[in-house]
Amino acid sequence: MGQDKVYTLSQVAQHKSTKDCWLVVYGRVLNLTKFLEEHPGGEEVLLEVAGKDASKEFDTIGHSEGAKKMLSKFQVGVLQGHSVQDLGGKDDATNESKKEMSAFVIKDDSSSTFKSLFDFFVPFMAASLYFGYRYVTRSDNIGY
C-alpha cells in the first residue's frame, strides 16, 4: 500500500497538523491522521514528532511487536535513501494488537480483594502484637 512512493524529509515536514499528520519510523513514511484519536499515548505525543523522523522516540518508548507490525498499515511510502522490510500483513498486526491489548485488562474478582486486605492486615496485626507485648513487659508496669 503505497510502499513504492518515495518522499523526502522536507515533504514529510509539510504534514504536521491534526488534520494531516505524517511521520517517519524506520524509514517508513506513515500517515497517522486517522490514528491520532486511537493512539494509547494520546495525540499530543504524535503531534510533537509530526513531520519528523520519530524512529528514536518510537524505540525509546519501547513499543510492542504488535505496534511495530501496525506500522505497515499506515505506511504511505518510504523515506528517500531508505529501504524497509515487510513486518507482516495488516491482518496479522490487527489481530496481534488486539491480543496484546487484552493483556492489560484488570479483572475484578473477590480473591484479589481478599489478598489485598490480607496483605494490609497481617503486617498491621504483627506490629500490634509486638507493641502490645512490649507495653505489657515494660519494667515500669511491673510492681517493683
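Strands E4 (residues 28-31) and E5 (residues 75-79) run antiparallel and are joined by three bridges. Strands here are DSSP runs of type E with at least two residues, helices are runs of type H or I with at least four, and both are numbered from the N terminus. Two strands count as paired if DSSP finds at least two bridges between them. Arg28 stands opposite Val78 of E5. Leu30 has Gln75 in E5 as its bridge partner. The model is a predicted one, in which local features need pLDDT of at least 70 and side-chain atom pairs count only at pLDDT 80 or more, while totals for chains, interfaces and linings use all residues. Residues are numbered from 1 along each chain as its sequence is written, and side-chain values use heavy atoms, with hydrogens and water left out.

E1 and E5 pair in the parallel sense, over two bridges. Val6 has Val78 in E5 as its bridge partner. E3 and E4 pair in the antiparallel sense, over four bridges. Here the bridge partner of Leu23 in E4 is Leu30.

The chain as a whole holds six helices and five strands. From the N terminus on, its elements run β-α-β-β-β-α-α-α-β-α-α. Contacts (heavy atoms within 4.5 Å) were also counted along the sequence. Among those between residues at least 6 apart, 67% join residues at least 24 apart.

Tyr26 is not a glycine, yet its phi is positive, at about 55°. Most residues other than glycine have a negative phi. Tyr26 is partly exposed, with a relative accessible area of 30%. Buried means under 20% relative accessible area, exposed means over 50%, and partly exposed lies in between (1.4 Å probe, protein chains only).

E5 is mostly covered, with five of its five residues buried.

Nonpolar cores were then examined. A nonpolar core is a set of buried Ala, Val, Leu, Ile, Met, Phe, Trp, Tyr and Cys residues joined through side-chain atoms within 4.5 Å. The largest core has 15 residues. Leu23, Val25, Leu30, Leu32, Phe35, Leu46 and Phe74 touch the most other members. E3 and H4 are the elements that give two or more residues to this core. A second, separate core has seven residues, including Tyr7, Val12, Val76 and Leu79. In soluble globular proteins, nonpolar side chains tend to be buried together. Leu46 shows the contacts of one member of the largest core. Leaving aside neighbours within four places in sequence, Leu46 is in contact with Cys21, Leu23, Leu32, Phe35, Leu36 and His39.

A search of the whole structure finds one salt bridge. The term requires a side-chain nitrogen of Lys or Arg within 4 Å of a carboxyl oxygen of Asp or Glu. The side chains of Glu65 and Lys68 meet in this way, at 3.7 Å from N to O. These residues are separated by about one helical turn, because they are three residues apart in helix H4. Glu65 is partly exposed, at 48% relative accessibility. Lys68 is also partly exposed, with a relative accessible area of 22%.

Of the 144 residues of the chain, 26% count as buried. The chain exposes about 10600 Å², and carbon and sulfur atoms supply 58% of it. Accessible areas come from the Shrake-Rupley method with a 1.4 Å probe, and for residues only the protein chains shown count as cover.
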